[in-house]
Amino acid sequence: MGVVINDLNVAVSGTPILDGVHLDVRDGQRVGLVGPSGSGKSMISRAIMGLLPPTATCTGSIALNGRQLVGLPDAELAALRGAAVGMVFQNPGTALNPLLTVGRQIALPLELHYDVSAGEREERVRAMMHKVGLADDLYKRHPHELSGGQQQRVGIATALITSPRLIIADEPTTALDSMTQRHIVDLLVSLVDEAGAALLFITHDFSVLAHATQYCYVLDAGHIVEQGRTSALLDAPRTPQASTLVSAARALTLHADTTSTEGTSTGGRR
Amino acid sequence: MNESTNARTALLEGVDVRKSFGTGARRHEVLHGCTVRVHEGECVAVIGGSGSGKSTLTRILLGLETCDGGDVRFRGASIGAHGGRRGDAGRAAMRALRRASGIVYQNPFASLDPRWTAFDSVSEPLRLRGAHGGCGDTALEDRVADALRLVALEPRDFLYRYPMDMSGGQAQRVAIARAIVTEPQILLADEAMSAIDVAARLQILDAFAAVRARNPKMGMVLVSHDLGVVQTIADTIVVLHDGVIVEQGSAADVLGHPQASYTRDLIAAATL
Amino acid sequence: MTDTPNNGTTTASATGAPRGFMRRAGVVIRTMWARGTGRFALIVLGAWILVSLVSLVWTPHSIWQTNGYHVWARPSADHWLGTDGTGADVFSWLMAGSRTNLLIVVLTVLFAAAFGLLLVAMLVSRHTALAHGSVVAIDALISIPTVLIALMLAVPLGASVTVIVLACGFGYGLNLARVARPSAMLAARSMYVESARANGASAPRVFFTHIVPNIMPVLIVQCSLSAGTAVLAEAGLTYLGVGVPSGVPSWGHSLSTSVRFINIYPLTVLWPGLIVTIAVVALNLFGDALREAADPLTNPRLRGADGRRHQ
């Protein structure tokens, strides 16, 4: 199960964006998709969600839990979005509806896809809020009253409330400061593992992947140029594209030697 | 604190800076008396999470915002940063500071006019200062080309290119060229790397290094939440948490032997 | 920095956007010409200007030459579009009218643009009282119909071109300011404006170098809509008797003298009606084509980036 992408080609207004992409994320796997901006990372997540721009043409195969998505009518794709696939967006400030309270926001996918009583819905929302570390009194607050980190927790709760089997996180930490980044990544990882779901984590930053994923793909100009275990890729990238990203991540990560005394508190996942 | 540097007169200093937002019952203080000094040739990094007040503090230092208490001095002269009662001396110091500073913002695509070429943007500070008064358009173009070369952008390709035809890293380097083309004494980089691809951040750091090598007496203030970026460039680190400076000192000291628990948390979050 | 050796070849060999006003204008016109609608607009407007100029020195018949025995004539070799109720040549009147309408359109657009820009400058002013006050004032004034303004102006001024230009320019200026406000505010609050101000740019300088170029697309479209509406307004106001005075040739004049006999001699109404329609369509298409061709963000040739993506 999970999502299996085979020979996916996407072109927008005739310009090829993705070229023969193979990628699979199995249940219980956390997979990273890394590449510089403009490499087409977000187009993969949009293709899975069925949210490609109207001028896009798409060929190849995307099988979600064994079901072919390419060519599926929009109504059937809409039924999958939010139910079978949950999405965590880059900028929680704009991804949340400013007029909805936190409680209503998180309940939205439940309302759309499941026939649950109002009481049960609230119960499940409050339980989910507890899981993502949002205090109970935030239930009736609006997004603008929350910090960036809290907003992204709401985003995660919304993505996970229907217990989807696949979660796509598209640069979920880029808009956050480094400490909040770490908390959000840790939270996402623990929730996905607990649910046994599959995670596709999209980012341009290798150092985030080290915490979040076991396996990863490197995308460059619409091609998958390298794939492998995240730790192996970080230690010995084979292609120039991957090594650029790895060396940037390494140069811009706090060196272990400067912080020798604190090395233990990180509990590295590598 | 580094005693040897404190003995010299600071290039730019904020003393006991206080700032509040809102009025009446909703008034809250975001900076509770912060003292920061920047010396010639020094790169001071102000770090902290979002909402720590680091952007507000540095904007006050550069005279872009007023403060409610304390003082900002540029080469020893107070710019009279608080309230509207800025005297003649304060105004003169303020003007001197404005002319002597350059700013690099977070998002280059928001800080460069989308309908201006790199040449238009980079030459703007020179044209505003009337610096090309006697030397004509060719000399202006030469200075812009020189600034672009310094940040490793080939003028032949970039001089007449628009931001939308550049990558984030290239556009940010154009923004750096605009900030340094007047050879400022103070350079502020306000989260200049957080909106940029990780792979391109190294190019930005190289550009800053080249600028500092060219102009070794230039003081630099770097606002960042990213310790990885900070360690490669900063001489001094100021750690800000909820409007209070919890720790400051040389980069090696702060990163190697952090005293405050908040600093330790920051370091833990940033280590791979 | 200044003493760095420079081989002086930067200007000559630099790639990228075309430079110099004439070269950029050439690119803009070629881009417009390459599109069917743009080409249509350019041809119609070019012909309009040409006919206006020619009419100053030559028309097939003098517009004052009347013939009581030859009224409401059908088109013939002598009178290409026939004659009107006084026996004057319809074609000559329409030719002569084109210069009046051109003058009205140009003056109205200039007045509307100048007035509109003044209002936009007030809207983005850093004096909050002025900015807020002008929002309220514009919203209040915009509710007054242009026809009413024209009627009120006609009291002291009489029927004249000035009435049309002032009334339309006033109305369209208000409209322009209201439509341009969001993009002007966006530019005014941007970081590039803050950067310019930090470098000592004055408010007027920021307005003309940063804000005006960034609202140019809105400005062009609004001005072309105004131009089209000015042609229609001329016809309407002249029919009401507050527009072009009788005796001055204009398309509105030709329409209003013949519209009473539309049931008997429909052809004489058709010609001016057709011309007004073509002119209005051409003006609107011109604005649309110019907006796309003159904006570096939408016209890659103006950026010297033919289909080139970054890196």
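In which strand of chain B is the place of B:Thr35? In this predicted model, where local features need pLDDT of at least 70, side-chain atom pairs count only at pLDDT 80 or more, and totals for chains, interfaces and linings use all residues, side-chain values use heavy atoms, with hydrogens and water left out. Residues are numbered from 1 along each chain as its sequence is written, while chains are lettered from A and ligands numbered from 1 in the order in which they are written.

B:Thr35 belongs to strand β2 of chain B, which covers residues 28-38; helices (H or I, at least four residues) and strands (E, at least two) are DSSP runs, numbered from the N terminus. The residue has a relative accessible area of 26% and therefore counts as partly exposed, the class between buried, under 20% relative accessible area, and exposed, over 50% (1.4 Å probe, protein chains only). Once its neighbours within four places in sequence are left aside, B:Thr35 is in contact with B:Gly14, B:Val15, B:Asp16, B:Ile245 and B:Gln248, contact being heavy atoms within 4.5 Å.

The next topic is the interface of chain B and chain C. Here 42 residues of chain B are in contact with 38 residues of chain C, and the buried area, which is the accessible area (1.4 Å probe) that two parts lose on being put together, summed over both, is about 3700 Å², with carbon and sulfur atoms giving 51% of it. Across this interface the rule finds three salt bridges, a salt bridge being a side-chain nitrogen of Lys or Arg within 4 Å of a carboxyl oxygen of Asp or Glu. B:Arg115 and C:Asp295 form a salt bridge in which the closest N and O atoms are 2.8 Å apart. On the side of chain B that touches chain C, at least two residues each are supplied by α4 (108-111), α5 (118-129), α6 (136-150), α7 (155-158) and α8 (168-180) of chain B. The largest share of that side, seven residues, comes from α6(B).

Salt bridges also occur elsewhere, and a search of the whole structure finds 31 of them over all chains. Side chains of opposite charge can pair when their charged atoms come close. In chain A, the side chains of A:Arg67 and A:Glu76 meet in a salt bridge at 2.9 Å, N to O, with A:Arg67 partly exposed at 37% relative accessibility and A:Glu76 partly exposed at 35%. A:Asp74, itself partly exposed with a relative accessible area of 49%, forms a salt bridge with A:Arg81, the closest N and O atoms being 3.8 Å apart.

In chain C, the salt bridge between C:Arg178 and C:Asp139 has its closest N and O atoms 3.1 Å apart. This pair links distant parts of the chain, 39 residues apart, with C:Arg178 in helix α7 (residues 161-188) and C:Asp139 in helix α5 (residues 128-141) of chain C. C:Arg178 is partly exposed, with a relative accessible area of 42%, and C:Asp139 counts as partly exposed at 38%. In chain B, salt bridges that share partners join B:Glu13, B:Arg37, B:Asp71 and B:Arg73 into one network.
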